[in-house]
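Keep the model open beside you as we go.

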Amino acid sequence: MKISDARVIVCSPGRNFVTLKIETDEGLSGIGDATLNGRELAVASYLSDHVVPCLLGRDPQQIEDIWHYLYRGAYWRRGPVTMAAIGAVDTALWDIKAKAAGMPLYQLLGGRSRSGVMVYGHANGRDIEETVDEVLRYRDMGYLAVRAQSGVPGLNAVYGVGRGRMFYEPADAALPSEHDWSTEKYLDHTPRLFERLRQAVGWDTHLLHDVHHRLTPIEAGRLGKALEPYRLFWLEDATPAENQEAFRLIRQHTVTPLAVGEIFNTIWDCKDLIQNQLIDYIRATVVHAGGITHLRRIADLASLYQVRTGCHGATDLSPVCLGAALHFDIWAPNFGIQEYMRHTEETDAVFPHAYHYEQGMLYPGEAPGHGVEIDEGLAAKYPYQRAYLPVNRLAHDGTLWHW
Ligand SMILES: [Mg+2]
């Protein structure tokens with residue numbers, strides 16, 4: 001079998017997605033997600049201009065060799081653009097291999113470790129009571145786990161607080177919009193949110209919270225300690241993780257479980273965090289961490305230290321990434337949870353898929369491959385639209401902060 005064609009499809013059915021399609025001389029094709037929110041065209045160019053010419057004529061069954069050919073062969077290793085491009089190639093090749101075998105992808109990984117994939121949804125409210133109502137609404141839809149975010153009194157725009165229900169999309173402007181931030185207001189407010197949530201929701205629903213890299217390590221330790229009575233499933237991205245050692249300081253002050261890694265690209269970004277048992281969940285996912293091949297390596301390292309997976313699953317990852325992640329999730333022995341933000345109807349129509357949601361779980365389906373396709377004719381009706389994630393500034397003096 002040989003790769004006969006590979007091309008990049010950029011479309012914007014509600015938001016931008018970059019998809020790589022690889023075709024073979026035996027008529028099989030596979031697709032991979034290459035979306036990097038706010039920097040989409042950089043990955044599209046990396047693929048079209050630098051990767052596709054190297055793929056033509058290669059044997060698509062040699063997934064491991066092609067992975068290293070693109071990683072070591074580039075000389076310039078790692079980084080989100082490179083790893084999203086490699087992730088797209090890898091996902092498309094696993095799709096082809098599973099289709100050639102006539103099996104759903106999870107069978108090639110070793111089969112199912114569980115019956116379904118527990119997911120968490122996003123409950124966002126402008127204030128505490130609106131967040132409570134949203135968590136209860138998710139619970140009524142069968143969710144076993146819900147991430148809760150609330151607006152903070154005195155701040156005009158806060159991460160996770162969307163304008164509409166179900167389809168929150170922060171990349172909302174042709175130039176970055178600006179939010180404001182006060183750590184003091186946030187730290188006063190957030191324990192009150194979870195105290196109220198436990199009163200309203202009880203203890204049978206897992207509650208999660210995302211700090212979005214806003215705190216220093218010692219502030220994160222204080223928040224984790226304040227939230228201990230409410231038994232969070234995890235506290236996510238409590239502090240930026242370029243310095244992996246920073247998590248040691250948080251760990252010294254709280255037993256609230258910690259999750260990090262949605263912006264990680266390789267095993268090197270989380271090696272120290274995992275080996276020193278400074279986190280409980282690793283959030284890397286298929287598209288941004290080099291595909292199934294590399295994500296499996298991260299999960300295997302994590303399993304040695306009882307760190308579980310919790311793949312990123314925002315809507316800026318296409319249904320192709322979600323579909324592939326579900327095959328990974330249902331296999332991974334140390335799976336923890338999968339993030340699940342629903343895509344819009346327009347997006348789902350462009351990417352027909354075999355996976356489905358039922359009572360708090362996602363199921364990857366039994367279609368050969370990863371079970372997600374792209375309707376290229378429909379995709380062509382949604383051309384690329386420049387869009388950025390917001391930036392964040394400190395409310396009292398305008399210092400640029402972490403969004
Ligand atoms: Mg997050």
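Which residues does Gln338 touch, not counting residues up to four places away in sequence? With contact meaning heavy atoms within 4.5 Å, the partners of Gln338 are Val117, Met118, Val119, Tyr120, Cys311, His312, Gly313, Leu322, Ala325, Leu326 and Asp329. Before going on, a word on the source: this is a predicted model, where local features need pLDDT of at least 70 and side-chain atom pairs count only at pLDDT 80 or more, while totals for chains, interfaces and linings use all residues. Residues are numbered from 1 along each chain as its sequence is written, and side-chain values use heavy atoms, with hydrogens and water left out.

Back to Gln338, which sits in strand E12, residues 338–339. Strands here are DSSP runs of E with at least two residues, helices are runs of H or I with at least four, and both are numbered from the N terminus. Gln338 counts as buried because its relative accessible area is 0%; the cut-offs are under 20% for buried, over 50% for exposed and in between for partly exposed, with a 1.4 Å probe and protein chains only. Its side chain also reaches the backbone oxygen of Cys311, at 3.4 Å, and Cys311 is one of the contacts listed for Gln338.

Now zoom out to the whole chain. There are 13 helices and 16 strands in it. Why does the radius of gyration agree with a compact globule? For 403 residues such a globule would have a value near 22 Å, and the chain has 20 Å, so the two agree. That radius is taken over C-alpha atoms, and the globule rule is 2.2 Å times the number of residues to the power 0.38. Along the principal axes, the C-alpha atoms fill a box of roughly 60 × 45 × 45 Å. Of the 403 residues, 58% count as buried. If you take contacts with a separation of 6 or more, 73% of them come from residues 24 or more positions apart. The accessible surface is about 15700 Å², and carbon and sulfur atoms hold 50% of that; the areas come from the Shrake-Rupley method with a 1.4 Å probe, and for residues only the protein chains shown count as cover.

On to Thr19, in strand E2, which spans residues 17–24. Thr19 is buried because its relative accessibility is 0%. Leaving out residues up to four places away in sequence, Thr19 touches Arg7, Val8, Ile9, Ile31, Gly32, Phe351 and Ile374.

Next, look at Arg214, in the loop between strand E7 (206–210) and helix H7 (217–227). Is Arg214 buried or exposed? At 2% relative accessibility, Arg214 counts as buried. Its contacts beyond four places in sequence are Tyr159, Trp181, Thr183, Asp237, Ala238, Asn392, Trp401, His402 and Trp403. Thr239 is 25 residues from Arg214 in sequence, with the C-alpha atoms 6.1 Å apart.

Asp237 is in the loop between strand E8 (234–236) and helix H8 (246–251), and with a relative accessible area of 0% it is buried. Its phi is near 45°, a positive value in a residue other than glycine. Most residues other than glycine have a negative phi. Tyr75 also has a positive phi, of about 70°. Tyr75 lies in the loop between helix H2 (63–71) and helix H3 (80–101), and it is exposed, at 63% relative accessible area.

Finally, two helix residues. Leu249 belongs to helix H8 and is partly exposed at 34%. It touches Pro217 and Ile218, residues up to four places away in sequence aside, and the C-alpha atoms of Leu249 and Ile218 are 6.5 Å apart. Arg196, in helix H6 (residues 183–201), is partly exposed at 26%. Neighbours within four places aside, Arg196 is in contact with Ile128, Glu129 and Val132, whereas the C-alpha atoms of Arg196 and Asp272 are separated by 36 Å.

Key:
A polar contact is a pair of N or O atoms within 3.5 Å; within protein, one must be able to donate a hydrogen and the other to accept it, and residues adjacent in sequence count only if both atoms are side-chain atoms.
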